[in-house]
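Please look through the structure below with these notes beside you.

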Amino acid sequence: MITACAVDDLPVGESMRISGEVAIAVFNADGEIYAIDDTCSHQDASLSEGWLEGCFVECPLHAALFDLRTGVPTCLPAKKPVRTYSVVVQDGMIYVDTRSREAVA
Amino acid sequence: MRTVAVVGASLAGLRSVEELRKQGFDGRIVVIGEEVHAPYDRPPLTKAFLAGTLPAAELALSDDDFAAEWKLGVRADRVDPSTGSVHLSSGEIVRTDGLVIATGGRPRALPGTAAMSGVHTLRTLDDAVALQADLRPGARVVVVGAGWIGAEVASTCRALDLDVTVVEAAPVPMERALGATLGALCADLHTDHGVELRLGVGVAAFAHNGSRVTGVVLRDGSHLPADVVVAGIGMEPATGWLRGSGLPLDNGVLCDTGCVTSIPSVVAVGDVARYRTPLGGHVRHEHWTNASEQPVVAVRNLLAGATIETFRPSGYVWSDQYGVRLQIAGETAGADEIAVIDGSPDDRKFVAEFRRSGQPVGIFAMNNAKLFGRMRRQLAAATG
């Protein structure tokens, strides 16, 4: 379990990046918190810098759309999903469970 | 419409096939591609693929064949629109009642280098494989042209620790698109990273040892020793096969505001398409986003049999050089004012707005994808 940030530091529509061996992007999509791999599965771009719309994030480089709930891209140029992570919100803090790394096929 | 032929199997061709199916066409689709490779992504060819960090298998654009017939390694030699026949280099004739022209173009070669090894252009995967094989440790590389392709190749060669010189005939690179100040800033990216930059001087001749290039002679008389020369001096649209077809050709395939040619059952997309803008005049774009966006409109009009939708380009272009991400949107070339609205060019992290008569018409960002994405949407809403 790694600490992302305080809930108050991630208002609706915002995103943040947790750096590390595998960087993770955390989003507040209309009050729901989601965490996915930060690096786009297509080419080197940081999804935490992408455009958030509903529960989808658009890659800032090539506009591939990823579903934050499943990590699955909905259009080219991305073909492969990004990993999703479980998120726990406790005592005003957001935690990401990296053990639950699930590869979505 | 029962059969649609898509000539050209790169991004614009693939996106056309995808759009045909997405928009409900369930007839026969025949795709004709001159390269033997299934559609692949070209932007990494100057970057991660050339650097050796991205294998060729990762370049594939799609795992789906969209139930189309893919004829790869075959060229379309000519087309007869009156009978709907596409004649292939294999001798085969494809009969079709809809045609998507997506043949892209060929890179311009440096005059007088045809018989010389060590001189490269870069557009296809095979081009990139050949260049990569020449980038041996210690190789001295001269890049001719400081546009996007030249700049990215120079950046990758520097990352491979090669000795790199960039030669550009214009006094400022990218000046038309970016203006003098930001063009000069792009020039600084090269010198920041130990690349020698020769601006405002053209190439006079190439030195060789009988078979292989050994140097580049500039118009000011200087001589640059070279083991490898890469030309990034633009491309020519591939329209030779359409000569005699009756389709209007002029620096590309001329089409209307919806990518439809003079024949309603023939549309053109991507680098080869020179379409009419709503303001009059024809333009052709040579970039990835255009090849991805145009098929949506072109296919809609093809299936409708008439121009029911106008193409509106996003003008989005990106480039990665020396670890710096550059992004452009809109019509920066038409600006009369450029204002930095966030960050600082000195830090190589900023966003600039391009304006015409006080109205925003374009955006340029270095290393600020997040703000760029926001502003790009605002610009599209304001100008769309």
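1. In chain B, α1(B) passes α6(B) in a right-handed crossing, where right-handed means that the near helix is turned clockwise from the far one by less than a right angle. Helices here are DSSP runs of H or I with at least four residues, numbered from the N terminus. The model is predicted, so that local features need pLDDT of at least 70 and side-chain atom pairs count only at 80 or more, while totals for chains, interfaces and linings use all residues. Residues are numbered from 1 along each chain as its sequence is written, and chains are lettered from A in the order in which they are written.

2. The axes of α1 (residues 11-22) and α6 (residues 288-304) of chain B come within 8 Å and cross at roughly 35°, each axis being a line fitted to C-alpha atoms over the stretch in contact, with angles from 0 to 180 degrees between N-to-C directions.

3. Among the residues that meet are Leu11(B) and Arg15(B) in α1(B), and Trp288(B) and Val299(B) in α6(B); contact requires C-beta atoms, placed from the backbone, within 7 Å. This contact divides into nine nonpolar, three polar and two charged residues, with Ala, Val, Leu, Ile, Met, Phe, Trp, Tyr, Cys and Pro counted as nonpolar, Asp, Glu, Lys and Arg as charged, and the others, Gly among them, as polar.

4. Between the chains, ten residues of chain A are in contact with ten residues of chain B, and the side of chain A that touches chain B has five nonpolar, three polar and two charged residues.

Key:
Two residues are in contact if their C-beta atoms, placed from the backbone, lie within 7 Å. Helices (H or I, at least four residues) and strands (E, at least two) are DSSP runs, numbered from the N terminus.
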